[in-house]
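Please look over the model shown here.

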Amino acid sequence: MEAGAHLSGACSPLSISHYRNTISLSIHCPLSARAAVEHNNERNSRNNPAKTSTTRTKTGQVQTSTTGTSTGHLNGASNRPKLNSEISPHRAVSAVRLMRIELGGAFADLLNEQGKGSGDNEMGYVERTIGFRTRKLDDRDLRLVTEIVGGTTRWRRYLDHLIVSLCHDESTFRNMEPLLLQILRIGFYEIVKLEMPAYAVVDENVKLAKAALRLGAGNMVNALLRKLVVLKESNSLPVPKVGGDNRQQARALAIIHSHPVWMVRRWISYIGYEEAIKLMIWNNTDPCFSIRANIGKGFTRANLVTELETLKVPYELSEHLDDFVRIRTGMQVIKQAGLLEKGLCSVQDESAGLVVKIVDPMPGESIIDCCAAPGGKTLFMASCLNGQGSICAIDINKGRLRILEETAKKHEVDHIVTTLNADLCALVNDDDMKADKVLLDAPCSGLGVLSKRADLRWNRRSEDMEQLTNLQDALLDSASTLVKPGGVLVYSTCSIDPQENEERIAAFLLRHQEYRVDSVDKYVSSSFVTVGGFYSSNPVKHSLDGAFAARLLRSS
């Protein structure tokens, strides 16, 4: 499932929220109740064309608590002038975005995809949160916001370690106001990771803290940032020593590479110490994005390359897929040029494109895409049918299906793609719902996409894995009933965890002896093929998102 497909309790009693092949569960964050209500009201009221979370049986609960004053807006800021031109706009926006992300409803990648068109709305949110506006964001500010929000989110655990070390009192850190904490994280990130001029970082973040909170908050930011500068210049930043037993080593590595301890321990047990470190380093690098040319609209990769060269956007041709190119910068330029809006191309990782190659959609075939919205794989499969055949895209979220329908029109494949707003599990006994090929892109932990989903590592718990596997089993059983005799079932995830991948297929085959594995070696290069004949993309090895797919044949 490429985005938050919402499946009812018929499949499983779990209460979870799907997002781009991932599951979000309850988030705990020390934000003010008013900020939480305001955030949720805005999220529920706006018509967001991007991907939004939905719930399986109920919305994941956000529990809030406060100590001291929450934000400047709630501390008399409403009496201040609405425009404060002295405050750095990218820092004010970054601080508010980081607070929204920590609430659990506004994800880092969604926020960073917002362009100039959302600037007024976003500045309005800034004003409601901290009590004033800054000057408008220019292109440089937008790039800085993207860098600071993504980087600060990735390095949160490490930055918090530094802040706690300099506070010399963990209770001071634990009781810190949310906005103050975000301002400190931004300042620490700018000094330690971006290596911005220290005097500017200190001055600008102190101004923000004083304006948005109060004089004392500014004094605290000033003291801690100046301490940090001295330690950095003397190469004396506090770094935990990696030693002791496995748990102690994992704790130290979790701070150094800014990941949850349970993930570090899990990866060490699965792939070994050195590979786990390489994976964490990859997760902390700036992500590369892939763009697929829409051949279904007659727009080839050569056409896309011509457009990119005209726009002066650097690119690399994909080594694995003929219709894809990679870019590291210039996404905003591409959006502003209208290439996405016109349906000439789509943002889609090559790891997802390779899953479509494993489905191998052929003209004239009938295909069902389970948990399809918002439809990246659906549209790619449709473009491969050359106008012949059909795809039924199933999703329980009506709003997301509308997005899919609108995008299908832009891509000129709406005559091939039909949508069905339904619970996948309710279709088990529907004899009319049978197809030559069925794709189940299942909700998962998302452990393969942590480079792009900077916030995701903090929204996962080890106990989520058992809940997820139960859900995946239920969905896989349901999807298997939709395949015609002799047909193909493809199960895929954006996870690198064996429990969600190989182990799910092994368990499925024990329950369904009418299915057998069809090796993917006929559809992708050998470097992606596992010993069991499955597809697996490795972030470190392939420089792609981590993903998995199994191609299964149903007996005739």
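Which residues line the second largest cavity?

## Basis

This is a predicted model: local features need pLDDT of at least 70, side-chain atom pairs count only at pLDDT 80 or more, and totals for chains, interfaces and linings use all residues. Residues are numbered from 1 along each chain as its sequence is written, and side-chain values use heavy atoms, with hydrogens and water left out.

## Cavities

The lining of the second largest cavity consists of W282, P287, C288, S290, R326, D349, E350, S451, K452, S543, L544 and D545. A lining residue has an atom within 4 Å of a cavity point; a cavity is a set of points on a 1 Å grid, over the protein atoms alone, where a 1.4 Å probe fits but cannot get out.

By class, the lining holds 4 nonpolar, 3 polar and 5 charged residues. Nonpolar covers Ala, Val, Leu, Ile, Met, Phe, Trp, Tyr, Cys and Pro; charged covers Asp, Glu, Lys and Arg; the others, Gly among them, are polar. This cavity has a volume of about 80 Å³, that is, the space filled by probe spheres set on points joined across faces, edges and corners. The whole structure has 4 cavities of 30 Å³ or more.

## The sheet

An open, antiparallel sheet of 4 strands runs in the order β7-β8-β6-β9. Strands (E, at least two residues) and helices (H or I, at least four) are DSSP runs, numbered from the N terminus. Pairing needs at least two DSSP bridges between two strands.

L317 has V325 of β8 as its bridge partner. Helix α14 (residues 301-311) packs on the sheet and touches β6 (289-293), β7, β8 and β9. Contact means heavy atoms within 4.5 Å. The direction of α14 makes about 25° with that of β8.

## A helix crossing

Helices α6 (residues 156-167) and α11 (residues 246-256) have axes that come within 6 Å and cross at roughly 95°. So α6 is roughly perpendicular to α11, a label for angles of 65 to 115 degrees. Axes are lines fitted to C-alpha atoms, for helices over the stretch in contact, and angles run from 0 to 180 degrees between N-to-C directions.

R157, Y158 and H161 of α6 meet A254, I255 and I256 of α11. This contact comprises 4 nonpolar, 1 polar and 1 charged residue.

## Backbone features

The A373 to P374 peptide bond is cis, with omega near 0°. P374 sits in the loop between β10 (366-370) and α17 (376-384).

E195 is not a glycine, yet has a positive phi of about 55°. The loop between α8 (178-192) and α9 (198-212) holds E195.

How values were computed
Parallel < 35°, antiparallel > 145°, perpendicular 65-115°, else oblique. 1 Å grid on protein atoms, 1.4 Å probe; cavity = no way out; pocket = protein on both sides within 12 Å on 5 of 7 lines; lining within 4 Å.
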